[in-house]
Amino acid sequence: MRFRRARTDKRSWSRRLVDQESRDFVERELEETREVFRTASGELQLDGLCRDVFAAASTTDLRRLKHRGVDPERFYLDELRPNWEGLDQPGRAARIERFIELSHMLGTAGSNGEPPEDVRDLIATVHVKTLLLSWAYDRTYGFIDRIFNGPLQYRAHRRRRAGRGAL
């Protein structure tokens, strides 16, 4: 016996941080545009990326936030910037870990598998923030990008880290 009919339309909210839609979003949207938003130093321009993903609105969470009037500039300033700019690698990692935990906690909110309406915007915000920050973290500190950016960039990165006493 079915309690709900099968959905043929796009979901109106997303309970889980990672599902096929979010995997497709990372693969299609983020991976295809990563060089567009990378600076010469290898950092990612999260403000431009945020505007781009809001314009495309290719996930349920982004569509919900956009429909609710969330401005990409405001989202960047309020949600992404304080959790990225001015933080070192461990600081960024700690923030992302907390958002992952919060996402899992919010996924269990509500009864009958339906979170209350007032929590859905928070869930969407946490999902988008976590995916963008996690992806940026991976692309900033991951070895594959350093290798693909060439040996000169990799050597410069190692010298910068050595200068900070990280090696």
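Throughout these legends, a residue is called buried when its relative accessible area is under 20%, exposed when that area is over 50%, and partly exposed in between, using a 1.4 Å probe and protein chains only. Helices (H or I, at least four residues) and strands (E, at least two) are DSSP runs, numbered from the N terminus. The model is predicted, so local features need pLDDT of at least 70 and side-chain atom pairs count only at pLDDT 80 or more, while totals for chains, interfaces and linings use all residues. Residues are numbered from 1 along each chain as its sequence is written, and side-chain values use heavy atoms, leaving out hydrogens and water.

**Figure 1. The whole chain, for orientation.** The protein chain holds eight helices and zero strands, so its elements read α-α-α-α-α-α-α-α from the N terminus on. Of its 167 residues, 38% count as buried. A contact here means heavy atoms within 4.5 Å. Among contacts between residues at least 6 apart in sequence, 69% join residues at least 24 apart. The chain exposes about 10,200 Å², with carbon and sulfur atoms supplying 52% of that area; the areas come from the Shrake-Rupley method with a 1.4 Å probe, and for residues only the protein chains shown count as cover.

Figure 2. Helix 5 covers residues 89-107, 19 residues in total, and reaches 27 Å from its first C-alpha to its last. That is close to the 27 Å expected at 1.5 Å a residue, where the expected span is 1.5 Å times one less than the number of residues. Buried in this helix are Gly-91, Arg-92, Ile-96, Phe-99, Ser-103, Leu-106 and Gly-107. They lie on the same side of helix 5 because they cover an arc of only 145 degrees around the axis; the arc is that of the directions from the helix axis to the C-beta atoms. Helix 6 is among the elements that cover these buried residues. On the face turned away from the buried side, look for the exposed residues Pro-90, Arg-98, Glu-101, His-104 and Met-105.

**Figure 3. Arg-92 and the ring of Trp-84.** Here the charged end of Arg-92 sits over the ring of Trp-84, 3.7 Å from the ring centre. A charge sits over a ring if NZ of Lys or CZ of Arg is within 6 Å of the ring centre and within 35 degrees of the ring normal. Arg-92 is also one of the buried residues of helix 5.

**Figure 4. Two aromatic pairs.** A search of the whole structure finds two aromatic pairs. Rings of Phe, Tyr and Trp (its six-membered ring) pair if their centres lie within 6.5 Å, and planes under 30 degrees apart count as stacked, over 60 as edge-to-face and the rest as tilted. The rings of Phe-54 and Phe-75 have centres 5.3 Å apart and planes at 55 degrees, so this pair is tilted. It links distant parts of the chain, with Phe-54 in helix 2 and Phe-75 in helix 4 (residues 72-80), 21 residues apart. Both Phe-54 and Phe-75 are buried. Tyr-137 and Tyr-141 form a tilted pair as well, 4.7 Å centre to centre with 55 degrees between the planes. These two tyrosines lie in helix 6 (residues 117-141), four residues apart, about one turn of the helix. Tyr-141 counts as buried because its relative accessibility is 16%.

**Figure 5. From helix 2 into helix 3.** The loop between helix 2 and helix 3 includes Ala-57, which has a positive phi of about 45 degrees although it is not a glycine. Most residues other than glycine have a negative phi. Ala-57 is buried, at a relative accessible area of 12%. Thr-59 belongs to this loop too, between helix 2 (46-56) and helix 3 (60-67), and is buried at 7% relative accessibility. Setting aside residues up to four places away in sequence, Thr-59 touches Glu-21 and Phe-25. In helix 3, the residues Thr-60, Asp-61, Leu-62, Arg-64 and Leu-65 are buried. The buried residues of this helix pack against helix 1 (20-33), helix 2, helix 4 and helix 6. After helix 3 comes Gly-69, with a positive phi near 85 degrees.

Figure 6. Asp-47 of helix 2 is partly exposed, with a relative accessible area of 30%. Asp-47 and Pro-72 are 25 residues apart in sequence and 8.2 Å apart in space, C-alpha to C-alpha. Glu-73, found in helix 4, is partly exposed at 34% relative accessibility. Between Glu-73 and Phe-54 there are 9.7 Å in space, C-alpha to C-alpha, and they are 19 residues apart in sequence.
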